[in-house]
Amino acid sequence: MKKYLGYFKIWFIVTGIFLVIGIGCKIYTSIQKVDFVRTNTEATTTERVFDYADKMTDEEEESLRQKIAVTEDAIGCDIIVVTLNETLEEYAKSYEAQIGQVEPYQYTMVYADNFYDEHKFGYNEPYGDGVLLLDNWYREKDGRVYSWLCTTGKAEYEYSSEMIDSTLNLSLENVEENPYEAYSLFVDLVAIDLAQKGEGAPLIPAIFSFPLALIAAVIFFFVNRGGKKGSKTISTTTYVEGGKPEILDRRDIFINKTVTKRVIQTESSSKSSGGGGSHVSAGGRSHGGGGHSR
Amino acid sequence: MIFKCKNCGGNSVYHPEKKRMWCPHCESEDSEELIETEVMENCSNCGAPLEGVTEHTSALKCTHCGSYIILKERVEGKNRADLILPFAVSKEQAVEKLKEEFGKRLFTPDSFLSYSTLELMEGSYVPFWLYDYRSDVDYEGRATKVRVSRSGNTEITETSHYRVVRKLKIDFERIPVDASTRMEDDIMDLMEPYEYQALLNFEEKYMSGFDGEIYNFEEEEGEERAKQRAARDSEQLLNSTISGYSTNTTVHKNVSLRKEKASFALLPVWVYRYNFRGKEYIYHVNGQTGKIIGKTPTDKRKGFLYSATLGALIMVLCQCVNWIVGVL
């Protein structure tokens with residue numbers, strides 16, 4: 001027992017320190033945890049799922065609504081999902097006077113921003129905290145299907161371009177096969193991204209920490225179990241008189257030389273990539289966001 | 001036969017550290033006197049029947065009085081060893097080496113090397129045949145050296161062809177083959193090398209204080225193992241003389257081996273047998289160089305306790321990190 005305690009002395013001290021700090025942090029986050037209360041009373045609707053493209057069943061829509069309702073109160077942000085199946089080219093271009101020239105990838109942005117503003121969405125206030133996913137199933141002239149994640153208020157502040165790309169790529173990866181699963185995953189990802197301190201996804205989830213501990217314990221066992229002691233410590237000359245053989249004849253006679261030649265083939269290739277940014281809507285409201293196409 | 005102290009009548013034994021005869025009772029040095037008896041069945045000191053005598057035993061400890069007895073007819077005539085390598089590592093030194101190697105390991109049972117288990121540790125003179133071989137190696141091969149260079153977009157490969165001729169004479173001296181069926185060949189091979197400079201002509205006094213055996217089989221029976229080693233080493237020595245080539249193809253190779261001489265020698269080994277929860281661990285310590293052969297004894301319960309503790313601590317630390325990072 002003395003040997004055991006001695007061996008783990010440093011470990012126990014370090015773990016003890018971490019435990020004290022960790023419990024302190026846990027208590028702190030519990031105290032700091034905010035119970036969000038909706039303060040926006042001006043929104044024109046309480047609907048959150050606008051499935052104009054009719055990609056979900058009524059049951060799926062209802063399930064998504066319930067999930068959104070729970071998530072909104074947990075993170076203090078409105079979450080709206082809109083599906084369309086129509087060209088937005090004319091619609092978007094009609095706003096060029098206010099927002100400048102629009103490219104195909106921005107058609108969904110114009111619609112999403114306006115949709116958000118028109119309904120005065122926002123958890124805390126009109127045009128306040130919230131996210132809106134617009135997924136337009138219509139294939140525009142350039143052959144692409146465009147989606148847009150509109151972020152407003154604290155969501156605009158929290159979401160970086162990389163986060164938007166990641167959220168859209170992950171959630172819409174299998175949208176063609178199962179739209180409901182895709183939009184449901186979107187809500188889950190928003191819940192993680194905008195979670196309160198101490199309430200979000202853990203840095204080291206149990207799914208990783210348990211295998212990590214198990215692997216470490218197994219490695220520790222086998223490393224400390226020790227192995228066999230004793231290896232061969234003799235060489236080929238150990239029993240040779242004088243420590244080396246007597247070389248009676250050693251000749252390396254050059255016979256001839258052959259030469260072959262080969263032409264080397266060369267190849268060339270090129271790659272390209274692009275990125276995104278932030279803007280003001282036709283209604284003069286600040287929105288963040290980013291697009292996705294398939 | 002037995003070596004007795006002229007001063008006190010106790011059993012004089014060979015002391016590996018002092019490198020001389022020594023009486024453990026009165027601590028006199030070189031005070032031994034050889035008492036010869038013809039009887040093999042009884043102890044030369046107390047007369048009690050000797051236990052554990054096999055057809056190959058040449059020296060042993062009397063289980064009744066603790067004296068070391070040397071069996072006269074097993075150290076005479078054809079049974080007499082040509083050479084002996086006296087113990088240079090004492091029992092205490094061997095124990096210390098085992099403690100250093102295995103005693104500090106985390107999962108080693110607490111009873112390992114405890115006083116009661118050390119009673120079973122014995123020094124043994126293991127019989128070996130030492131073979132001298134003459135090896136004549138004759139070799140001819142075809143080899144190439146390849147050089148690749150580049151000129152513009154053209155790769156040029158130049159291949160030079162050589163005829164390689166080698167003729168070696170190798171004298172192998174005292175290739176050891178253990179002549180004890182009690183000892184595992186692999187273990188005895190790992191005990192090597194012994195430093196042959198310390199080999200002495202056989203004298204009975206070096207056996208006092210240790211177990212001993214005569215060879216368990218004739219020299220012809222051990223020859224094949226020595227021959228195989230000589231052949232293998234000859235090939236490797238030949239290969240070491242052929243280097244710097246990209247490829248090498250043998251045209252002709254002949255390794256001719258001729259036995260020159262064989263000697264019967266006794267080489268020192270400490271053997272410690274340790275039983276833990278029904279499993280026997282055997283440790284061998286070279287009685288001259290102190291080289292150790294053995295496997296770490298493992299107390300699996302101890303191993304589980306330590307590993308589980310580590311795993312649990314890592315889990316707790318991960319959770320603490322999650323809590324701390326949650327605030328940042």
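In this predicted model, helices H8(A) and H9(A) are roughly antiparallel to each other, because their packing angle is over 145 degrees. Chain A, to which both helices belong, has a secondary structure of 10 helices and eight strands. Chain A also touches chain B, with 61 residues of chain A in contact with 63 residues of chain B. The points below cover the helix pair, chain A as a whole, its sheet, and the contact with chain B.

**The helix pair H8(A) and H9(A)**

- Helix H8 of chain A covers residues 161-171, and helix H9 of chain A covers residues 179-193.
- The angle at which H8(A) and H9(A) pack is about 150°, and their axes are 8 Å apart.
- The crossing in which H8(A) passes H9(A) is right-handed.
- From H8(A), the residues that meet H9(A) are Met163(A), Thr167(A), Leu170(A) and Ser171(A).
- On the H9(A) side, these residues meet Ala182(A), Leu185(A), Phe186(A), Leu189(A) and Asp193(A).
- Sorted by class, this contact of H8(A) with H9(A) has six nonpolar, two polar and one charged residues.

**Chain A as a whole**

- Chain A has 294 residues, and 29% of them are buried.
- Among contacts in chain A with a separation of 6 or more, 68% are between residues 24 or more positions apart.

**The sheet of chain A**

- Six strands of chain A form an open sheet in the order S1-S2-S3-S4-S8-S7, and their pairing is mixed.
- Strand S1 (49-51) and strand S7 (279-280) of chain A each have a single partner strand and stand at the edges, so one side of each is left without a neighbour in the sheet.
- Strand S2 (residues 78-84) and strand S3 (residues 130-139) of chain A run parallel and are joined by seven bridges.
- Thr83(A) has Asp135(A) as its bridge partner in S3(A).
- Helix H3 (residues 58-75) of chain A lies across S1 and S2 of chain A, and H3(A) runs at about 155° to S2(A).

**The side of chain A that touches chain B**

- Helix H2 (9-32), helix H10 (206-225), strand S5 (228-229) and strand S6 (246-263) of chain A each supply at least two residues of this side.
- S6(A) gives the most to the side of chain A that touches chain B, with 18 residues.
- By class, the side of chain A that touches chain B is made up of 31 nonpolar, 15 polar and 15 charged residues.

**Strand pairing between the chains**

- S5(A) and strand S14 (residues 292-295) of chain B run antiparallel, and two bridges join them.
- Lys228(A) has Lys295(B) in S14(B) as its bridge partner.
- The bridge partner of Lys229(A) in S14(B) is Gly294(B).

**The hairpin of chain B**

- Within chain B, S14(B) is joined by two bridges to strand S13 (residues 279-286), and these two strands run antiparallel.
- His284(B) has Ile293(B) as its bridge partner in S14(B).
- Five residues stand between S13(B) and S14(B) in the hairpin that these strands form.
- In the turn of this hairpin, Gly290(B) has a positive phi of about 85°.

How values were computed
Residues are numbered from 1 along each chain as its sequence is written. Chains are lettered from A and ligands numbered from 1 in the order in which they are written. This is a predicted model: local features need pLDDT of at least 70, side-chain atom pairs count only at pLDDT 80 or more; totals for chains, interfaces and linings use all residues. Two residues are in contact if their C-beta atoms, placed from the backbone, lie within 7 Å. Helices (H or I, at least four residues) and strands (E, at least two) are DSSP runs, numbered from the N terminus. Ala, Val, Leu, Ile, Met, Phe, Trp, Tyr, Cys and Pro count as nonpolar, Asp, Glu, Lys and Arg as charged, and the others, Gly among them, as polar. Two strands pair if DSSP finds at least two bridges between them. Axes are lines fitted to C-alpha atoms, for helices over the stretch in contact, and angles run from 0 to 180 degrees between N-to-C directions. A residue is buried if 20 or more other C-beta atoms lie within 10 Å of its own, exposed if 12 or fewer, and partly exposed in between; C-beta atoms are placed from the backbone. Angles under 35 degrees count as roughly parallel, over 145 as roughly antiparallel, 65 to 115 as roughly perpendicular and the rest as oblique. A crossing is left-handed if the near helix is turned anticlockwise from the far one by less than a right angle, and right-handed if clockwise.
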